Amino acid sequence: MANSVNISIEAPIENQIQEITYDGQEIYQAPLSMSENLARLAQKIDFSKTEDEFCNIKKEGESTLEIKSEDESKEPGYQSSLWPWDSVRNKLRNALTEVCVLADVLSIAKEKRYMVLDPIQAEPVDSRPMVQVYGRKKALGAAGAVLLAGVERLRASETMRMTRNMPDFHIDLLRLRQNWRLKKVSNTIVGDLSYRTAGSKFSQTGVFEVTKAPEEQIAQAMKQEDVVTATLSSSALNCPGTLPGDGAELHWQQKLEAAQNVLFCKELFARLAAEAVQLDATIPHMVVGNQIMATVLPGIQLLIGLCHNNGQNNSNANPEGVKTEGSSGKSEHDHVLEHSLHQLLRAVHHNNTHHPFPHPATGPLGPSKRRSLAGPMAADRYELLEMSKEQSLLEQIIQQAQHFFMRRRSEYVLDTIAKEVKDPLIVSHWNALNSPTQSCVKINIMAYGYDAVCRTSLVVHVGEKTLKCICRDGKVRHLSYELQELRDLIYCQGCGPQIYQHQMTAVQAVGRCMGWQLLASSAHLGSGPVEPLANASTCLLASPAGDRMIAIRCEPSVGIQVFIAQSPRKDFFASELVQDKKWENLGGAFKEIKLEKMEGKNFLNKMELLMACLSSPS
C-alpha cells in the first residue's frame, strides 16, 4: 500500500437525539438509570393474565425453540421464557393466595359461626415449694453480695479520701470556678472580681491570677485542703497589703470576697466624690483624702469615709461616720446608711442592664415609658426637663440622713414629753412600713381608764427637713426641723392655750356621763395675767339639781385649778338694797379645791369623784 488513506470512524449513537440547536449542536437524552430501567421493564408485565395463559405462552416458546438448529440451541436442561419477570409474578400471586387464606381464617375465628376455638387445659405442673424457697434464697444472696460489694467500694473510697496526704488542686479549682468567673489566658488562669457583668461602669479592673501553692505551703494546706492560691493584682486594687485576708493563713475564698468588697467600696466612694465636687450646694461639700463631708442640717455633718481593715479590728470596709453635736467629735457609724448606700449603687447597676421595653416594639430602646408618651401627650419643655432630671447618689443619701435625724429628733421629743407628762398619757405609734425619706407617727393623748370616753389623736408626717402635723380638727400645720416647734405643738394639743385642751374636753365628756350640764366654755380666756405661751381656757359645769357648780381654769404656766360654788348661799343676809330671799339662790363665792390632796389616780378620776360627791343629796 503505497498511499495511506485516513478513515474516520464514529461511535454508534447509543442515546437518542433530544434537540438540535441552531448552531448544529446535538443534545442527547440522558441514559436511563437502573431504577428507571427497572420501572420501564415492570410496565411491560401484564398481571391480568392467568397462569393457564402463561403456560400456553411458555409451551409456544418451547416449540419454537425445538425448531431452531442444534448449534444455536442452549443446554438441554435450560428453558428460556418469553415472559419477562415471570418469577416475580408467581411469587406475588402466591403471596396473594396466602393472604386470602389468612383473611378467611381470621374471619372464621372472629365471627364464630363456622368454628369455635376452645382452650386446652394444660397438664398441672408439680409445685415444689422447697425449690422455690431455695431459688429465692439464692437470688437474695446474689443481691446481698452486690450490695456488700458496693459498700466495700464506698468504704474504701472514703478511707482513701480521709487518709490521703496530698489535696487535689483540680477539685479546689472546680470549687473556685463555681463561684468566680475564670478564663485561661496562655498558660495562666485569670479571674475577674469586678461587677461589670452586673452593670458596673467602673474603670478599675479586678483581675486576679490563680496559681498552685508552692510545695512548702502544701504541707500547711493539707489540714485545710487548700492548694489554690489567689494572687491579687496590686495595680488593680491599689492597696493589696491592707486587704482583710491578705495573709497566707486565710482561705482563698475569703481573700477574693474581701478584694471584691474593696473594689465595690472604691467604686462607690469614687462616684460619691465625683458627685460631691459637681453638686452646687448651699454649703459646699468637701472631699479630703478618703473622706467626704456634707452638711445635713445646721450643726450636723455627714462623713462618708473609705476605710481599709487590716484584720486587727472589727470595723467595716465602708463606714459612714455621722457626727452629731453631742458626739464630742467622735463619729458614730450607722449601718443603716451604709446598707442604703450599697443598695443605691446596686440599683444603678441594675438600671444599667435592665432597660424598659419600648412601646411600641419598633420604638427606640432606652427611654422610659413616661418619655415615650411625652410626644403623644404633647409634653412641653419644662416637663421634658423634669423627666430628664435624676438625683445623684450623694443627694439621695443626704436626704436619707436628713430624714434619719428628723425621725430621731421626733422620737426624742415624744419620749421626753411622755416622761415629763404623766397625766394625760401620751402614746406614740410608729408605722412599720416607711420609705427611706418619709415616716409617719400617730400620737394618742388619753387618760388612764378613760380612753373610751375621750381620746385626742394627732398624726405627724416626718419628712426630710419638715414635719407635717394633722390635728384632730383637720388643721394641717407645717413645722421646721427645730425641736421646740414640735414640743410646743404637743403641749398645745395637751396643755396649750385652752389649758390642757384634751383635759378640758375630757372633763366635759365625763360631766355629760355624770349628768352635769355645761354652762360655759372658753378656749381663749381674756381675764387674768397674760400667758407667755398660748392662752388660758376655762369651763363651767352645773350639777343635775342646779345647786352646785364647778369652774375649771387651765393656764399653761400654772396648771389646772378647780373651783366649786353652791346655792342657796349660807352667807346671804337681807339688806336695804337686796331684801328678797330669792337672791340667795345665786351661787356664792367660788372656793378652790386642792387637787393634790384628793383621792384619785388622775385628774379625770378626781373630777369624777368630785362630781359624784357634789351630786349626792347629803
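About 400 Å³ of space lies in the second largest pocket of this predicted model. A pocket is an open set of points on a 1 Å grid over the protein atoms alone, with protein on both sides within 12 Å along at least five of seven lines, and lining residues have an atom within 4 Å of a point. Grid points are joined across faces, edges and corners, and a volume is the space filled by probe spheres set on the points. The second largest pocket is lined by 17 residues, of which Thr-295, Val-296, Ile-398, Gln-402 and Lys-465 are the closest to its centre. Two or more lining residues come from each of β8 (291-297) and α12, and α12 supplies the largest share, 4 residues. Helices (H or I, at least four residues) and strands (E, at least two) are DSSP runs, numbered from the N terminus. By class, this lining divides into 8 nonpolar, 5 polar and 4 charged residues. Here Ala, Val, Leu, Ile, Met, Phe, Trp, Tyr, Cys and Pro count as nonpolar, Asp, Glu, Lys and Arg as charged, and the others, Gly among them, as polar.

Residues are numbered from 1 along each chain as its sequence is written. In this predicted model, local features need pLDDT of at least 70 and side-chain atom pairs count only at pLDDT 80 or more, while totals for chains, interfaces and linings use all residues; side-chain values use heavy atoms, with hydrogens and water left out.

The largest pocket has a volume of about 550 Å³. Among its 22 lining residues, Asn-351, Asn-352, Gly-366, Met-387 and Glu-390 are the closest to the centre. At least two residues of this lining come from each of α8 (252-278), α9, α10 (369-372), α11 (381-388) and α12, and α9 gives the most, with 5 residues. The lining of the largest pocket holds 7 nonpolar, 10 polar and 5 charged residues.

A cavity is a set of grid points where a 1.4 Å probe fits but cannot get out, and the structure holds 3 cavities of 30 Å³ or more. The second largest cavity contains about 50 Å³ of space. Its lining consists of Met-406, Arg-409, Ser-410, Val-413, Leu-467, Ser-480, Tyr-481, Glu-482, Leu-483 and Leu-486. The elements that give two or more of these residues are α12 and α13 (483-495); α12 contributes the largest share, 4 residues. The cavity lining divides into 6 nonpolar, 2 polar and 2 charged residues.

The packing of helices is considered next. Two packed helices are described by the angle between their axes and the distance between the axes. Axes are lines fitted to C-alpha atoms, for helices over the stretch in contact, and angles run from 0 to 180 degrees between N-to-C directions.

| Helix pair | Axes come within | Crossing angle |
|---|---|---|
| α9 (335-353) and α12 (393-420) | 10 Å | roughly 150° |
| α8 and α9 | 11 Å | roughly 90° |
| α5 (169-179) and α8 | 11 Å | roughly 25° |

Angles under 35 degrees count as roughly parallel, over 145 as roughly antiparallel, 65 to 115 as roughly perpendicular and the rest as oblique. Therefore α9 and α12 are roughly antiparallel to each other. Their contact (heavy atoms within 4.5 Å) involves Leu-337, Ser-340, Leu-341, Leu-344, Leu-345 and Val-348 of α9, together with Leu-393, Gln-396, Ile-397, Gln-400 and Ala-401 of α12. These residues comprise 8 nonpolar, 3 polar and no charged.

By their angle, α8 and α9 are therefore roughly perpendicular to each other. Phe-264, Glu-267, Leu-268, Arg-271 and Leu-272 of α8 meet Leu-341, His-342, Leu-345, Arg-346, Val-348 and His-349 of α9. By class, this contact has 6 nonpolar, 2 polar and 3 charged residues.

For α5 and α8, the angle means that the two helices are therefore roughly parallel to each other. In this pair, Asp-172, Arg-175, Leu-176 and Asn-179 of α5 meet Trp-252, Gln-253 and Leu-256 of α8, a contact with 3 nonpolar, 2 polar and 2 charged residues.

Two backbone features lie in loops. A cis peptide bond with omega of about 5° joins Asp-423 and Pro-424, and Pro-424 is placed in the loop between α12 and β12 (425-430). Ser-186, a residue other than glycine, has a positive phi near 60°; Ser-186 lies in the loop between β3 (181-185) and β4 (188-192).
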